[in-house]
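Here is a briefing for a reader who is meeting this structure for the first time. It begins with the overall build and then goes through the topics one by one.

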Number of protein chains: 2
Amino acid sequence: MGLDVERLRVLVEVVHAGSIAAAAKRMGFTASALSQQLAKLEREVGDRLVDRGPGGVRPTATGELLVRHGERVLGALHDAEEAVRGARRLPREHLSVGTFASAGKALVPTALATFRRAHPQVRLTLLDIEPPDGYGLVTSGDLDLLITHRYPDVPLPPATGLHRAHLMADPLRLVLPTGHRHAGTDRLTLAGLATDEWISGGPGVPNRVALDGTARRAGVELRVSYETRDYAVTLALVSAGIGVAVVPGTTLRSAEPGDYVVRDLDQPIARDIFLVHRPRPRPPVSDMVARLQGVA
Amino acid sequence: MGLDVERLRVLVEVVHAGSIAAAAKRMGFTASALSQQLAKLEREVGDRLVDRGPGGVRPTATGELLVRHGERVLGALHDAEEAVRGARRLPREHLSVGTFASAGKALVPTALATFRRAHPQVRLTLLDIEPPDGYGLVTSGDLDLLITHRYPDVPLPPATGLHRAHLMADPLRLVLPTGHRHAGTDRLTLAGLATDEWISGGPGVPNRVALDGTARRAGVELRVSYETRDYAVTLALVSAGIGVAVVPGTTLRSAEPGDYVVRDLDQPIARDIFLVHRPRPRPPVSDMVARLQGVA
DNA sequence: ACGGGAAGTAAGGAACGCTAATGGGACTGG
DNA sequence: CCAGTCCCATTAGCGTTCCTTACTTCCCGT
């Protein structure tokens, strides 16, 4: 049995894109071509790789397995290509960075700006990637650098074959409406806020998991009455006096002002921000890493 | 730029085989096909990858670089194929082991025999590989297990991405003609044999490097008058009274008897024997590893 | 019930890669 | 010194593969 790498690439792209049509657009082919290649791959493997559903496809267990391996193959191929570029003394002219939304607003722009000034010939690509996704794209070489985070009580995804460095701790701070009864207090406890209405993500969303875990350890049960994963919405709700919330410090730094005040917990909690990239990064990637570490 | 994996495979096979014709035979193609693929790859890379010479080809610096990367790509592809086999609950039916010549005679056969009894359905392939070669074949997945050695004073090749475990120390023992003036002594020094004619490998051959290094540290200079890398020849020469030599213990265990006696140095030296395989070996490989460790 | 979007099927054409055949260059033995 | 041999490069031609176009099917939301 000999797997075809181009067919593996099709599988990986299709699963990453979430649908055959979207992957076809990315790759510059017709959806029919990808559909046929995928079908042929399934015949060769002897097992279904994706479940076809309306609005796209989802990988089966075998498909997931093969995607993980395919990403490694593509990553090794990517390394080979970069090696020959290096041997010909051709500098890389492209750098793609994936970030989660809130970092994209605060931390990343300043680093990107100085990088752009220093390397005007390097074309930058920025991609929104919400944790815990994105590791596969780094493995396959589609992404040179991933900026991701992990909230407390949320497991950290495995980074097999990748390099992951802690960039900074991003403290989660309390946000209260200006007229809140504790607005004048500097350091608050969760217990003192147990009667408030909370605003957080839905069940399973990282910031909700972290909030619930911290509350449980403090012996408090919080009532989350409003669920949103968008911090801009969260702040608007707080400003309207609807409830209280915890919001990352970096997000607050670049947020619109509003009718809220920022306070801290007596037992500080923080989300950790990580940089993920392939081992032994070369100049363009390593330079960006250094700039981000400088900003943090 | 997008490298073609099949062309990379051609390059890797050609360099491993040492000639286009030999690689073509192994791969079941004509030499012409490989020549064309190789030429096309060189055009794509924009650099020569092999130096064509009479009697075969040798990789250029760029070629060597690309072979190393190609081996990783092929290894990742190999892993993917093994993963789908595993997902379909199909056991591996093939195992290829590479060994250096002297291990092939002593250490390996007993391990192979018990393995064969335990797994009669697994087809075994044995390949002669002289150190320090063979690492690339393990990386690319052509070889499941490599039994290799390192003589003192010889650098150990890097095992990037591979697992290397020390199997045993193989002491180098003195072999003297039966009538030698020190044949009655149990433990000898190199200084006491400085006036003898020595039999060893040519310059650069591992056992020669080890012998010279040991002598240098002992402050002795030895005269190597007969050069051969074949231990059977060495023993025949010693039996004929031509000179003295050091020979690995495992080799002596399976050697023909002759007119020689075996003694030891007061400062024992030994070559180290290693097992090399890919990380996280699965049942058929790991079982063979266990058997070899049991024998040692 | 109907329009839109996504995946699958069928048929044609273009491109790619292999084989076979030919020629050239270098070492070997007479 | 020349014939023989081995290995590699090139060219011509053919077969296969794979992509596109066009059409069908299925599911959802309006």
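Chain A contains 11 helices and 12 strands, where helices (H or I, at least four residues) and strands (E, at least two) are DSSP runs numbered from the N terminus. This is a predicted model, in which local features need pLDDT of at least 70 and side-chain atom pairs count only at pLDDT 80 or more, while totals for chains, interfaces and linings use all residues. Residues are numbered from 1 along each chain as its sequence is written, chains are lettered from A and ligands numbered from 1 in the order in which they are written, and side-chain values use heavy atoms, with hydrogens and water left out.

**Overall build of chain A**

- Along its principal axes, the C-alpha trace of chain A spans about 70 × 45 × 30 Å.
- Of the 296 residues in chain A, 49% are buried; buried means under 20% relative accessible area, exposed means over 50%, and partly exposed lies in between (1.4 Å probe, protein chains only).
- Among contacts (heavy atoms within 4.5 Å) in chain A between residues at least 6 apart in sequence, 72% join residues at least 24 apart.
- The domain assignment of chain A gives domain 1 (5–76), domain 2 (91–168 + 272–295) and domain 3 (170–269), with bounds that come from an automatic or database domain assignment.
- The centres of domain 1 of chain A and domain 3 of chain A, taken over C-alpha atoms, are separated by 41 Å.

**The largest nonpolar core**

- In soluble globular proteins, nonpolar side chains tend to be buried together.
- The largest nonpolar core has 52 residues, and those with the most contacts inside it are Leu11(A), Val14(A), Leu66(A), Leu11(B), Val14(B) and Leu66(B); such a core is a set of buried Ala, Val, Leu, Ile, Met, Phe, Trp, Tyr and Cys residues joined through side-chain atoms within 4.5 Å.
- Two or more residues of this core are given by each of the helices H1 (5–17), H2 (20–27), H3 (31–45) and H4 (61–87) of chain A, together with H1 (5–17), H2 (20–27), H3 (31–45) and H4 (61–87) of chain B.
- Leaving aside residues up to four places away in sequence, Leu11(A) touches Leu38(A), Leu41(A), Leu49(A), Val50(A), Gly63(A), Leu66(A) and Val67(A).

- Sugar and phosphate account for 67% of the atoms of DNA strand D that come within 4 Å of the protein.
- At least two residues of this surface are supplied by each of H3 of chain A and H2, H3 and strand E2 (56–59) of chain B, and the largest share, five residues, comes from H3(A).
- The residues of this surface divide into six nonpolar, nine polar and three charged.
- From chain B, a backbone N or O atom of Ala21(B) lies 3.0 Å from a phosphate oxygen of DNA strand D.

**A buried arginine in chain A**

- Arg7(A) lies in helix H1 of chain A and is buried, with a relative accessible area of 13%.
- The side chain of Arg7(A) makes a polar contact with the side chain of Glu44(A) at 3.1 Å; a polar contact is a pair of N or O atoms within 3.5 Å, where within protein one must be able to donate a hydrogen and the other to accept it, and residues adjacent in sequence count only if both atoms are side-chain atoms.
- Not counting residues up to four places away in sequence, Arg7(A) touches Gln37(A), Lys40(A), Leu41(A) and Glu44(A).

**Backbone features**

- Most residues other than glycine have a negative phi, and most peptide bonds are trans.
- The peptide bond from Pro131(A) to Pro132(A) is cis, with omega near 5 degrees, and Pro132(A) is found in the loop between strand E4 (123–128) and helix H7 (135–139) of chain A.
- Phi of Asp153(A) is positive, near 75 degrees, and this residue, in the loop between strand E5 (145–150) and strand E6 (163–177) of chain A, counts as partly exposed at 38% relative accessibility.

Conventions: A residue is near a molecule or strand if one of its heavy atoms lies within 4 Å of it. Ala, Val, Leu, Ile, Met, Phe, Trp, Tyr, Cys and Pro count as nonpolar, Asp, Glu, Lys and Arg as charged, and the others, Gly among them, as polar.
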